[in-house]
Amino acid sequence: MDRELFETMRLELRRGTLVLAVLACLRTERYGYTLRQALAADGLEMEESTLYPLLRRLEGQGLLTSEWREEEKRKKRFYVLSPGGEAMLAALTEEWRGINASLERLL
Amino acid sequence: MDIIERYLEAVAAQLPTEDREDIVAELRDLILSRVEAREEELGRALSDEEKEAILHEIGHPLIVAARYRKGPDSLIGPELFPYWLFGAKAGLIVIAAVQALGLLISVLGAPADFGRAISQAFHGFFSGGLTLLGALTLAGAIMEHYDIKPKWLTKWRVRDLSAFGLADPAKWGASLAGTEKAKSEWLPKGARVWGVRAETRGAADALWSLIFSGIFLLWWMGVIRFDALSQFTLRSGEVAVAAAPIWSTLYGVILALVTAGMVVDAVTIARGGADRVTWTLRIPLAAAAIWLAWRLFDAGWWFTLTQGEQVAKVMGGPANRIGTELLRALHLEGRGLEETAVTLGAVLSWVLVIAMVGYGVSIVQNLWRIATTRAR
C-alpha cells in the first residue's frame with residue numbers, strides 16, 4: 001500500500017470530523033491548551049496552528065463563547081459552547097450517526 | 001528580548017491590527033503552557049534551543065498568522081481554479097496562434113528580417129502570455145476575495161460547452177491536420193472537435209477561419225496594426241511600404257467578402273459542421289474570391305517601397321512576370337530595394353495564382369459534395 005497516499009486520505013477523512021470533536025469537547029469549559037490535551041487523550045491529535053484559528057472561527061460563527069480569566073497565575077481564554085453551538089452539535093451529531101450507520105452497512 | 005517574544009512579534013506583524021493583541025495573548029499562553037509542561041517533565045528550565053524546538057512545532061510565523069486570516073486561503077480557490085486553468089490554456093494558445101500569424105506576415109513582408117521577426121514573435125508571446133496570466137490571476141483573486149460567483153459558474157448549459165475544447169491542444173492540432181487520416185491518428189477514437197466528430201470536416205476549419213478572418217478584418221479596418229507590414233528594415237536601411245491605388249478601389253469589396261466569409265463560418269459552427277447549406281453558401285463566396293484575386297492580379301501594381309530617395313514598385317500580374325521574375329528574384333544577389341520589390345512581386349503573383357486555383361478547386365469540391373451527399 002502507498003503509505004503517502006494513505007496518509008493524505010487519512011487526513012482528509014479526519015479533517016471533516018474535527019469540528020464535531022471540538023464542539024463535543026467544549027460542552028465543558030476549557031482553554032486552548034487543555035482542550036488540545038483532552039482531544040489527544042481521546043486519540044484526536046490536533047496541531048495548535050489548526051486548533052486555535054478554528055476556535056476563533058467557531059466563536060465568530062456564534063457557536064462558542066469565550067472569556068479571559070486568570071488561572072495558574074496567567075490570563076487564559078476559556079471557551080464553551082453557546083446555545084447556538086449546542087443546537088449545532090446536536091444536528092451534526094445526528095448527521096454523523098447517519099453517515100456512520102450508512103458506512104457501517106457498506107463496510 | 002526573549003526568544004518567545006521575538007517569535008510572537010513576528011506573528012503579530014502579519015495579523016490584522018484589530019485582532020492582534022487578542023491573538024498574540026492567546027498564543028503566548030499556549031506557548032508558555034507547553035514550555036511549562038515540558039519543564040515539569042524534565043524537572044529543569046528549558047534552554048533557548050529547546051524553546052525554539054517547541055516554536056518549530058507550532059509553526060512558522062507566516063503560516064500561523066495565515067491561519068488566523070479572514071477570507072480565502074488561496075489566490076484562486078479550488079472552485080475557481082479549473083476556470084482559471086482553462087482561461088490560461090486557451091488564452092495562451094490563441095496568443096501563440098496570433099503571434100504565428102504575425103510572424104508569417106512579417107516574414108512574407110520582409111524575408112531578410114527573419115531573425116528579428118522570430119525574436120519579436122517570441123517577445124510578443126511571452127509578454128502577451130505573462131500579461132494574460134497576470135490579468136487572469138488578478139480577476140480570479142478579486143472574485144475569490146469578494147466571493148463573486150458569476151452566472152457562468154453556476155448556470156451553465158450543456159449546449160454551450162463545445163467552446164471548452166479550445167484549451168485542448170490536441171484538438172487545435174487535429175483541426176490543423178490536413179487529412180482525415182491525420183485527424184484520426186491525433187485524436188482518440190470517436191473524439192469530438194468543436195462538438196463534431198473528428199471524422200466530420202467543417203466546424204474546426206470554420207473556427208480557425210473565423211479567428212483569422214476576424215484578426216484580418218480588425219487590421220483591415222485599422223483597429224489593430226502590424227507594423228512589420230507598413231515598415232521593415234533591409235541591410236541598407238528602413239523601408240516604408242505604401243499600398244497601391246487598387247487596394248483603395250477594392251477596399252469595400254474586400255471588407256464585404258471577408259465579412260460574408262465570417263458569416264458563413266459562423267453558420268458552419270452553429271450547424272455543428274459543414275453540410276449542404278454551408279457548401280452551397282461557399283460556392284458564390286469562392287467565385288467572388290476568384291474575381292477579387294483576378295482584379296488584384298490584373299492590376300499588376302500592389303505596393304510601393306520607399307527608402308530615402310529610392311522608390312521601387314512591387315509589381316506582378318499577367319504580364320509574363322510569374323515565372324521569369326521569380327527565377328530572376330531567386331538569383332538576385334544582395335537585398336537592395338529593387339531586388340526586394342521584385343521578390344515580393346513574384347511571391348505575391350504566385351500567392352494570387354494559387355489562391356485562384358484553390359478557390360476554383362473548392363467550388364468543384366463543394367459542387368461534388370452537394371451532388372453526392374444526401375440532405376440531413
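The largest nonpolar core here has 25 residues, and A:Leu26, A:Leu64, B:Val11 and B:Leu27 have the most contacts inside it. A nonpolar core means a set of buried Ala, Val, Leu, Ile, Met, Phe, Trp, Tyr and Cys residues joined through C-beta atoms within 7 Å; buried means 20 or more other C-beta atoms within 10 Å of a residue's own, exposed 12 or fewer, and partly exposed in between, with C-beta atoms placed from the backbone. This is a predicted model, where local features need pLDDT of at least 70 and side-chain atom pairs count only at pLDDT 80 or more, while totals for chains, interfaces and linings use all residues. Residues are numbered from 1 along each chain as its sequence is written, and chains are lettered from A and ligands numbered from 1 in the order in which they are written.

Now for the contact between the chains. It takes 12 residues from chain B and 12 residues from chain A, counting two residues as touching if their C-beta atoms, placed from the backbone, lie within 7 Å. On the chain B side, α2(B) gives the largest share, six residues; helices are DSSP runs (H or I, at least four residues) and strands are too (E, at least two), numbered from the N terminus.

Finally, look at B:Trp368, in helix α16 (residues 337-372) of chain B. Why does B:Trp368 count as exposed? Because B:Trp368 has 11 other C-beta atoms within 10 Å. The C-alpha atoms of B:Trp368 and B:Trp279 are separated by 9.7 Å, with the two residues 89 residues apart along the chain.
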